[in-house]
Amino acid sequence: MADRAIGPRYEALARFLERRVAVAALIVIVLFVLAAVFAPLLAPYDPTATSWSAIRKAPSFAHWMGTDENGRDVLSRVIFGARASLLAGAVAVAIAAGIGLPTGLLAGFARGWIDAVLSRIVDAVLACPFLIMAIALAAILGPNLTNAMIAIGISTAPRFMRVARAATLEAAALEYVEAARAIGNPPWRVAVFHILPNIVPPVLVQATLAIAAAIIAEASLSFLGLGQQPPDPSWGSMLNAAQRFLTQAPWLAVFPGLAIFLCVLSFNLVGDGLRDALDPRG
């Protein structure tokens, strides 16, 4: 029985490892995570330390990515900025999954008026563009990273609810669920022990893709002054400061922009790889 339970997991892992692009993207994500965790050890300078004698210096051996308008080392700020972006992505998606997964499971399993009410609420929320809602919530809650993560998480939750509901409806029609009901299992046990484990794969894929969207949203909120507050570094706030010096010091925008591009692209590629690996029809 143990071999049968573990087998599909190893098969999914093997299918994922066969996708070299997804594996390479996962390596890039791991490097970003390590850079964020060990930022104090990797950053050559204090990311908030200013130097009036090194304002907008071009990349050199002393400052590999140059310095910004206040003489701060761009490389150090990019490394520390990874903390804000990755933390925002992880926490926001955790909030979204914590709201959307049980709500979608309830709607898909209970059906009837409960499904109708929850679905109409989700439709109403999705009528507002994701980023507009995140900006509005962040403005209401106040400009800081914690409130930005909450705003992004709440704005992302309806997507998880839809994915969880669709997966629940599909799983509830399978024969093993009907058998679990036939032998007298209470509804909560059928939902938690028989349906929930089988809707985790699509939710996991959605979570991976949602992290990429959350990183972009955090950068957008920081760019608008609603996320990480200066002088703490954030890729979005670095781009906001760089827009005034695009012709004199283009490196101020290139390196944080490149970090956002690589991080978001990597999460999207890993999400595509997980979707192919976890698809039983693949």
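## An all-helix predicted model

Of the 282 residues of the protein, 43% count as buried. The model is predicted. Eleven helices and zero strands make up its secondary structure, and from the N terminus on the order is α-α-α-α-α-α-α-α-α-α-α.

Some overall values for the protein follow.

| Property | Value |
|---|---|
| Box filled by the C-alpha atoms, along the principal axes | roughly 75 × 45 × 25 Å |
| Accessible surface | about 14,500 Å² |
| Share of accessible surface from carbon and sulfur atoms | 68% |
| Distance between mean positions of the 20 positive and 17 negative charges | 2 Å |

Among contacts with a separation of 6 or more, 72% join residues 24 or more positions apart.

### The nonpolar cores

In soluble globular proteins, nonpolar side chains tend to be buried together. The largest nonpolar core here has 56 residues. Within this core, Ile-195, Trp-235 and Phe-267 have the most contacts. At least two core residues come from each of these helices: H2 (20-37), H4 (74-110), H7 (145-172), H8 (175-182), H9 (187-223), H10 (235-242) and H11 (251-278). Helix H9 gives the most, with twelve residues.

Which residues does Ile-195 touch, not counting those up to four places away in sequence? The partners of Ile-195 are Leu-105, Phe-109, Thr-168, Ala-171, Ala-172, Val-177 and Val-190.

Another core lies apart from the largest one and has eleven residues. Ala-92, Ala-151, Ala-214 and Leu-226 are among them.

Key. Residues are numbered from 1 along each chain as its sequence is written. This is a predicted model: local features need pLDDT of at least 70, side-chain atom pairs count only at pLDDT 80 or more; totals for chains, interfaces and linings use all residues. Side-chain values use heavy atoms; hydrogens and water are left out. Helices (H or I, at least four residues) and strands (E, at least two) are DSSP runs, numbered from the N terminus. Buried means under 20% relative accessible area, exposed over 50%, partly exposed in between (1.4 Å probe, protein chains only). Contact means heavy atoms within 4.5 Å. Accessible areas come from the Shrake-Rupley method with a 1.4 Å probe; for residues, only the protein chains shown count as cover. Lys and Arg count as positive and Asp and Glu as negative; His and the chain ends are not counted. The place of a charge is taken as NZ of Lys, CZ of Arg, CG of Asp or CD of Glu. A nonpolar core is a set of buried Ala, Val, Leu, Ile, Met, Phe, Trp, Tyr and Cys residues joined through side-chain atoms within 4.5 Å.
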